[in-house]
Each structure stands twice: as structure tokens, then as C-alpha cells.
Amino acid sequence: MSKRGQLEKPKDLKGAVKRIAARLRHERLRLSIVLVLSALGVVGQVASPKLLGEATNVIFRGVLDKFTGDLPAGMSTEQAADALRERGNNTLADMIEGADVVPGRGLETSLLAKILLVVIAVYVLSSLFRFIAGWIVRHIVQDLGWQLRADAQAKVDRLPLSYLDQHSRGDLLSRVTNDVDNITQALMQTIISLFQDVLTLIGITAMMFWISPKLALLSFIVLPPGFFLARFIMKKAQPHFRRQWDSTGKVSDTVEEAFTGHEVVTAFGLEEGFAEEFESRNDELRDSVFKATFISHLMEPAMSLVNNLGYVIVAVVGGLEVAAGRISLGSIQAFIQYSRQFAQPISQLASMANTLQSAAASAERIFNLLDAEEMEEDAQGELGEIKGAVTFDNVRFSYTPGTPVITGLSLHTEPGQTVAIVGPTGAGKTTLVNLLLRFYEVDSGTITIDGTDIATVSKDSLRAKMGMVLQDTWLRSGTIADNIAFGRSGATREDVVAAAKASSIDRMINQLPDGYETEVSDEGEGISVGEKQLLTIARAFLADPHILILDEATSSVDTRTEMMVAKAMERLQKGRTSFIIAHRLSTIRHADLIIVMEKGDVIEQGTHAELIEADGAYARLYRSQFADAATQ
């Protein structure tokens, strides 16, 4: 796989979790409120089984009272038990004594009603507290997601172009969208649940020991095997979660490339190749998701099996304890509820471990982006009013250390000159422009504008003096007016129309149904390639740059549109220093200076006539183009 398609391997999942926690520190107040509300909700949840157990005891006492037979009303529980034992009914005596039955009292309906009202109130308040806590957490988590996306976007603006060149756009988009969404979804599920489940475990454990230490110890026999089983499953699932999110980035990369280059893919019949690549990466994603999901979901049935074993132990021993009168039926009912509830937070905590592993893998991918090496701190100087004299002095540059692209390039252009840059593919023409705009920094040498080293001024100040028209047009989703106005902040409609007229596209715009308010997408559907090019020229007119860069601006349009574009560019170049990268030498015959590059250096320079007369590299290029045209 190429360097562009490689993804960083996860290195420090725990560190990623800690960094997410650090980003939530400023939410301490709201998180504290959430914890208090969650604790109140847990108190209600833990207290409810005990209260229901008391209600069961009231009912059970009423039922047992009917079996006391002719025992006199008002006897104490002990007296009634002794009387039953004298009659040989020891089992009933033990149950009456354990349930604290008073003969003749019957069913205490008023007490039962009070208990049930208290239980209802506890359930309602507990649910209300948990709802409010969840509402606050949703705001906290969505704020975190917003901040992560904002930081990622700001980071992209600070990354060197070399980083973006070496990483696929699909993977970067996946980090900012899919990975952030995965983090927020995981936090939504775990922030409250983690605290509530821990408190619930503590509360339930305390209640179980309060009711019966013996039964509590028997219930916890199954915990050690359950813990080791959960740890084993988590360890097996972790690498598959890492693969899942790496594979998601690869699939996004393939889809993004297929969509953005669908015309080229179709023209060259590459659909099958892209389909095979997509199928391969999609299979890898399916396999990793299946394995991660399958293994992680083994947690619930495994824990259910372990907990059911504990439930059987409690049910059998508890029944014997009730029959022996050592514990009330209501207490056993409450204990069984607690034992069943005890399984729920354990299962949820185990499930949360898998969710957090997936989120940690996504967080690491986000932080790998946020930690990427940024461009060096920009200079603070300002480039004031300029005339446009540009000088390259012994400039050297390489994209990859040890592989030079520009080797000792030196040239000088006067203000207002139209400078054409020609040469074979790979000669360094576009690299020269990238260095002038400081998309990349030179390895050595200097580039000056009117004697000022561009490395000593800020990039914003430098680029504010420049305008670009590229071979590959770029439009943003919005109206045509918005796309032209993009060239200058604060441009009025009058400014936009004037720029459109200057670039010969005003008439075409007015022929559209909605004129300047016609909506276009980033792909520019509905308008031709030439019209898109004219729109970018209008944008450059509006920017009114001091230095103009034209990179193969007419290479992808028809002859008639080329004439319109050429005239528009000619008007745009007036009074400006212009750099034109061109393969069609017929379009730059009238340039003030033609620079011929080869292997990263200037090998010839002069006017068209001078270079033809010199009969060097330029003359050979020129003759070969016209020879090719003549044979067509």
C-alpha cells in the first residue's frame, strides 16, 4: 500500500481516554450536578426493592394470619409460635415467628397503601433525577463533539501541505466525522451509566449484606470467574475494534475517490477496479465489525450465565431460610431482586468496556491528527504595497529529503511582466509556484518580492497580494454570486457583477433561470468546464491581486471558450506581475519573459523570438507541438 493509504497504528488507548477526560475538566460544575442527580436516582433504585419487600411482608403476614386458626387475637408473635409448636406445627410456627405475625391483625391495608405510595414516589423521583442528569450529559457531550470537530478543522488549517498530500482525504474526513460521532455516542452511553452502575453495585452490595451476609457471600462466589471471563473477552475484542475504525477510514477513502473522480473512472473504464478495491476494503470492514461485535456481544450471555448460577444458589438457600424462619419472605424477595439487579450493572459495565475501547480507538485517531506536526510559526511581518518584482535566488527544495526537485534556481522578474513557465512534466513548474505562495518552505536560498524576503512576512499578508486561477476549478456549494464573492471579503453585488463583466461571464449568468442566485454544487453541475473557469477568473478579478498565477487555466476547455478565457485573462493580467504555467506554447508567445525549466532548474529564458532564434530546448518543444498538430 502507498504511503498515502497507510493509517497510523493505535499506540496508547489509555492515553487517549485520559485526554478525553482532560477535555471535560472545564465541565466540572455540570458534571458534579450530574453525579449528584445520578446518586439520588441510584438511592431510589436501591431503596425500592427493600420497600417492596416490606409490602410483601405485610401481605404475607395477612396470609399467615389466616393459618393461625383459633389462636386468640392479641397474642404476641412469640406466644403464637409457642402455641403452634405445642400443637406440633413447628414449620408454621417458624414462619410466623420469622414474619412477625400477630394473630387477629389480618391484612394491614392502610400500611400497605402507604408503602406502595412511597414506592411510587421513589420511582417517579428517581426517574426524574436520571432524566435531568441525562439531559445535562447530552449537552456536555455534544459540546465536546463540537469542540473536537472545530479543533480538527483548525488543525487542518495549521498542517503543512505535505501532511495533506501524504494522507488520504477519505481517512481524514472519517476522523472528523465518523470517529467524533463514535466518541460522542460512546460518552453519551457511558458517562452517566458508569457512575450509576458503580454506585448501584455499591448500594446493592450493602443492601444484600444488610439483609443476609450468608446469602450475600454465596452470591459472590460466581464473581471471580465472571471477572476473568469478562477480561478475556475484552482482550480478544480490542484489536478488532482498532481494525474496525481503520477499515472505516479506508472505505471512506475509496468512496471519496470514486465520487470525486467518477468522470475519470467512467472514461477509463475503471469501475471494475474501483469496485474490486471497494469490495476488498468493505469485506475487511465487515470482517472486523463482525468479529468486534460478535466477541463483545459474548459478554452479555456469558455474564447472564454466571449471574443465573448465582440466582439459583440464592433461590434455593433463601427458600430454606424462609422455611426455617430465619428470614422473612419479603426480605428474600428483596434479596432476589437485588441479586438480579446486581447482574445488570455488571453486564452494563462489561458492555461499556467494549464501547469505551471502540471510542478510545477513535479518540486516538483524532488525537493523532491533532498531534501532527504543524507548520512552523508564521512570521509576523507585513507585506505592504508592492510593485511586483519577484526574485528567486539560488533556491533549493525537495519534497522528500535526499530527492531534490528544485536545484539552485535563480531568476528575476520585473513588475508588471508576464512570465511564462514551460518545461516537461516533473520539471518543477508547479513547485516553483508552491514555493512562491509558501505552500512549502524552501530548503535554502531566498524568494523576494520588491526586495523583501517572503519568509519574513506572514502567509496571510503574502497571499493577500496574490491571485490564482488553476486548471482544476473549485466551486463551493452556494449561488454563483457567492462563488464570485469568495474572492474578496465584504464584496458587494456591484463588485460581483463588475468582476463577472470583466471576465466575460455576465451574459451567461443572466441567461440562467435565477441569474446570479443560481445554485451550484461543489461539483459545478449544470455549467460547463469553460464557464466554471470563467467564474474562477471573475473571482480573481474581484480579488484584484498584485501578482497573478495562472496554472494551465485553458487546458481543459474548447477552442471558442479558450478564446474567451484567454481574453479574460489578458484583461486580468494588465498592470500585474503574472506567472503562467503552460503546456500549449501557442498561448504564451506574447509573454514578456519565457522561462524554460528542466530537472528543477532554469535552462533558458527570454522572449519567444529570442528562444526560437537560440534554437534550444524551447525551440524543440515549440516545433514538436506544431509538428504534432500538423500530423493530426
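Predicted model: local features only at pLDDT ≥ 70, side-chain atom pairs only at ≥ 80, totals over all residues.

Author: Two strands count as paired if DSSP finds at least two bridges between them. Helices (H or I, at least four residues) and strands (E, at least two) are DSSP runs, numbered from the N terminus. With that, strand E1 (residues 390-397) is joined to E2 by five bridges, and the two run antiparallel.

Reader: OK, back to E2. Which residue there does phenylalanine 392 stand opposite?

Author: Leucine 411.

Reader: And what's the strand order in that sheet?

Author: The order is E2-E1-E4-E5, an open sheet of four strands with antiparallel pairing. Strand E2 (406-413) and strand E5 (452-453) are the edges; each has a single partner strand, so one side of each is left without a neighbour in the sheet.

Reader: What does helix H14 touch on that sheet?

Author: H14 (residues 429-436) packs on the sheet and touches E1, E2 and strand E4 (444-449). Contact here means heavy atoms within 4.5 Å. The direction of H14 makes about 110° with that of E1. Axes are lines fitted to C-alpha atoms, for helices over the stretch in contact, and angles run from 0 to 180 degrees between N-to-C directions.

Reader: How many of the residues in H14 are buried?

Author: Seven of its eight. Buried means under 20% relative accessible area, exposed over 50%, and partly exposed in between, with a 1.4 Å probe and protein chains only. Among the buried ones are Leu432, Val433, Leu435 and Leu436. After H14 comes arginine 438, whose phi is positive, near 60°.

Reader: Switching to the other sheet. What's the order there?

Author: E6-E9-E10-E3-E11-E12, an open sheet of six strands with mixed pairing. Strand E6 (466-470) and strand E12 (601-606) stand at its edges with a single partner strand each, so one side of each lacks a neighbour in the sheet. On average, neighbouring strands are turned by 20° against each other, direction ignored.

Reader: Which strands of this sheet does H14 touch?

Author: H14 packs here too, touching E3, E6, E9, E10 and strand E11 (593-598). Its direction makes about 145° with that of E10.

Reader: Tell me about E10. Which residues are buried on each side?

Author: Thr577, Phe579 and Ile581 are buried on one side, Ser578 and Ile580 on the other. In a regular strand the side chains alternate between the two faces of the sheet.

Reader: And the partners of E10?

Author: Strand E3 (residues 418-422) runs parallel to E10, joined by four bridges, with threonine 418 opposite serine 578. Strand E9 (residues 547-551) also pairs with E10 in the parallel sense, over five bridges. Isoleucine 581 in E10 is the bridge partner of isoleucine 421 and also stands opposite aspartate 551.

Reader: Last one: at what angle do helices H5 and H7 pack?

Author: H5 (residues 109-158) and H7 (residues 169-211) pack at about 150°, with axes 9 Å apart. They are therefore roughly antiparallel; the cut-off for that is over 145 degrees.

Notes:
Residues numbered from 1 in each chain as written. Heavy atoms only, no water. Parallel < 35°, antiparallel > 145°, perpendicular 65-115°, else oblique.
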